[in-house]
Amino acid sequence: MRTISYTHYHGEGLTLKCELEYDPAEPGTDIDPAWPASAVLISAKVGGVDISPLLDHRIIAMIEEGAVWSQC
C-alpha cells in the first residue's frame, strides 16, 4: 500500500486535492484469487483545508474510483 495524490474536479470550478492510500491489483494464482486495486480517501483539500469529513459517501466513492483508474 502506498499514498497517492489525485486531483478531483467536481461541479463547476471545485477542485479537490486528494491524498489516498492505494493498494494495487494483484493477479490470481493457483491458490489465491485475484485481488482488485483499491483506494481509500485520506484527505480532500480545497484551498489547503481538509473537507473530507463533510463529503457525502457518494462523492468519496467517486474520488476513490477515479484515483484507482488514474493508476491504470
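Predicted model: local features only at pLDDT ≥ 70, side-chain atom pairs only at ≥ 80, totals over all residues.

Q: OK, how many residues does the largest nonpolar core have here?
A: The largest nonpolar core has 14 residues. Those with the most contacts inside it are C18, L20, A39, L41, L55, I63 and A67.

Q: Which elements supply at least two residues of this core?
A: β1, β2, β3 and α1 each do.

Q: What does A39 touch?
A: Leaving out residues up to four places away in sequence, A39 touches L20, E21, Y22, E64, A67 and V68.

Q: Switching to the sheet. What order do the strands take?
A: The order is β1-β2-β3-β4, in an open sheet of 4 strands. The pairing is antiparallel.

Q: Which strands stand at the edges?
A: β1 and β4 do. Each has a single partner strand, so one side of each is left without a neighbour in the sheet.

Q: How many bridges pair β1 with β2?
A: There are 9 bridges between β1 (residues 2-10) and β2 (residues 14-23). In that pair, I4 stands opposite L20 of β2.

Q: And what is going on in the hairpin between β1 and β2?
A: The hairpin has 3 residues between the strands. There, G11 takes a positive phi near 65°.

Q: How many bridges join β2 to β3?
A: β2 and β3 (residues 38-46) are joined by 7 bridges. E21 stands opposite V40 in β3.

Q: Where does α1 lie?
A: α1 lies across β1, β2 and β3. It runs at about 120° to β1.

Q: New topic. Where does S52 lie?
A: S52 is in the loop between β4 (49-50) and α1 (57-70).

Q: Buried or exposed?
A: S52 counts as buried, because its relative accessibility is 13% and the cut-off for buried is under 20%.

Q: What does the side chain of S52 make a polar contact with?
A: The side chain of D50, at 2.9 Å.

Definitions and conventions: Residues numbered from 1 in each chain as written. Heavy atoms only, no water. Buried < 20%, exposed > 50% of the residue type's maximum accessible area, 1.4 Å probe, protein only. Polar contact = N/O pair within 3.5 Å; in protein donor to acceptor, adjacent residues only side chain to side chain. Pairing = 2+ DSSP bridges. Contact = heavy atoms within 4.5 Å. Axes fitted to C-alpha atoms, helices over the stretch in contact; angles between N-to-C directions. Core = buried A, V, L, I, M, F, W, Y, C linked by side-chain atoms within 4.5 Å.
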